[in-house]
Amino acid sequence: MNFAEAETLAARAEAVRELPEDVPSPCTSVCRMDRLSGFCEGCLRTIPEIADWSKMQDDARRGVWRAIELRARAGIWRVPETSGDHDA
């Protein structure tokens with residue numbers, strides 16, 4: 001995920017949270033978990049959020065969308081580079 005993708009996801013999260021019902025899934029079909037951040041690289045959800053999604057009521061789903069928005073805007077999906085991560 002890059003900054004533009006994160007901003008797009010945050011804007012989508014903001015819009016979706018206003019829906020009165022039938023809150024859609026944030027899944028973007030990327031479905032890769034970042035081992036360091038613990039977030040899906042496509043939708044910024046955690047494994048428990050993904051696993052529980054189908055059982056959640058709309059209010060809980062809006063809460064997940066709010067968490068996604070905050071994660072995206074805060075940039076916490078970015079794992080800081082360490083000195084060993086640079087290409088030679």
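# Reading charges and confidence in a predicted model

Visitor: I'm looking at the charged side chains. Which residue forms a salt bridge with Arg 66, and how far apart are the closest N and O atoms?

Guide: Arg 66 pairs with Glu 69, and their closest N and O atoms are 3.2 Å apart. Keep in mind that this is a predicted model.

Visitor: Where do Arg 66 and Glu 69 lie?

Guide: You'll find both in helix α3, 3 residues apart, which is about one turn of the helix.

Visitor: How many salt bridges does the structure hold?

Guide: It holds 9. One of them is between the side chains of Glu 14 and Arg 73, at 3.0 Å from N to O. That pair links distant parts of the chain, since Glu 14 sits in helix α1 and Arg 73 in helix α3, 59 residues apart. Glu 14 is partly exposed at 39% relative accessibility, and Arg 73 is partly exposed at 41%.

Visitor: Which residue does Glu 49 form a salt bridge with?

Guide: Its partner is Arg 71, with the closest N and O atoms 2.8 Å apart. Here again distant parts of the chain are linked: Glu 49 is in helix α2 and Arg 71 in helix α3, 22 residues apart. Both Glu 49 and Arg 71 are buried.

Visitor: What about Arg 61: which side chain of opposite charge is nearest?

Guide: That's Asp 58, 4.3 Å away. A salt bridge needs the nitrogen and the carboxyl oxygen within 4 Å. Arg 61 is buried yet has no salt bridge. This residue lies in helix α3, residues 58–74. Leaving aside neighbours within four places in sequence, Arg 61 is in contact with Val 23, Trp 53, Ser 54 and Met 56.

Visitor: Now the loop between α1 and α2. Is Glu 21, which lies there, buried or exposed?

Guide: Glu 21 is exposed, because its relative accessible area is 51%. Setting aside neighbours within four places in sequence, Glu 21 is in contact with Asp 58 and Arg 62. Glu 21 and Gln 57 are 36 residues apart in sequence, with 9.3 Å between their C-alpha atoms. Glu 18 is found in that loop as well, and it's exposed, with a relative accessible area of 61%. The C-alpha atoms of Glu 18 and Arg 62 are separated by 8.3 Å, although these residues are 44 apart along the chain.

Visitor: Which residues make the nonpolar surface patch?

Guide: Met 33, Ile 47 and Ile 50 make it, and it covers about 240 Å². Ile 50 belongs to helix α2, residues 47–52. With a relative accessible area of 34%, Ile 50 is partly exposed.

Visitor: Last one: what is the mean pLDDT of the protein chain?

Guide: pLDDT is the predictor's confidence in each residue, from 0 to 100. For the chain the mean is 88, and 88% of its residues reach 70 or more.

Note on methods. Residues numbered from 1 in each chain as written. Predicted model: local features only at pLDDT ≥ 70, side-chain atom pairs only at ≥ 80, totals over all residues. Heavy atoms only, no water. Patch = residues over 30% accessible without salt bridge, like charges linked within 9 Å, V, L, I, M, F, W, Y side chains within 5 Å. Areas by Shrake-Rupley, 256 points an atom, 1.4 Å probe, with all protein chains shown as cover. Helix = DSSP H or I, 4+ residues; strand = E, 2+ residues; numbered from the N terminus. Buried < 20%, exposed > 50% of the residue type's maximum accessible area, 1.4 Å probe, protein only. Lys, Arg positive; Asp, Glu negative; His and termini not counted. Contact = heavy atoms within 4.5 Å.
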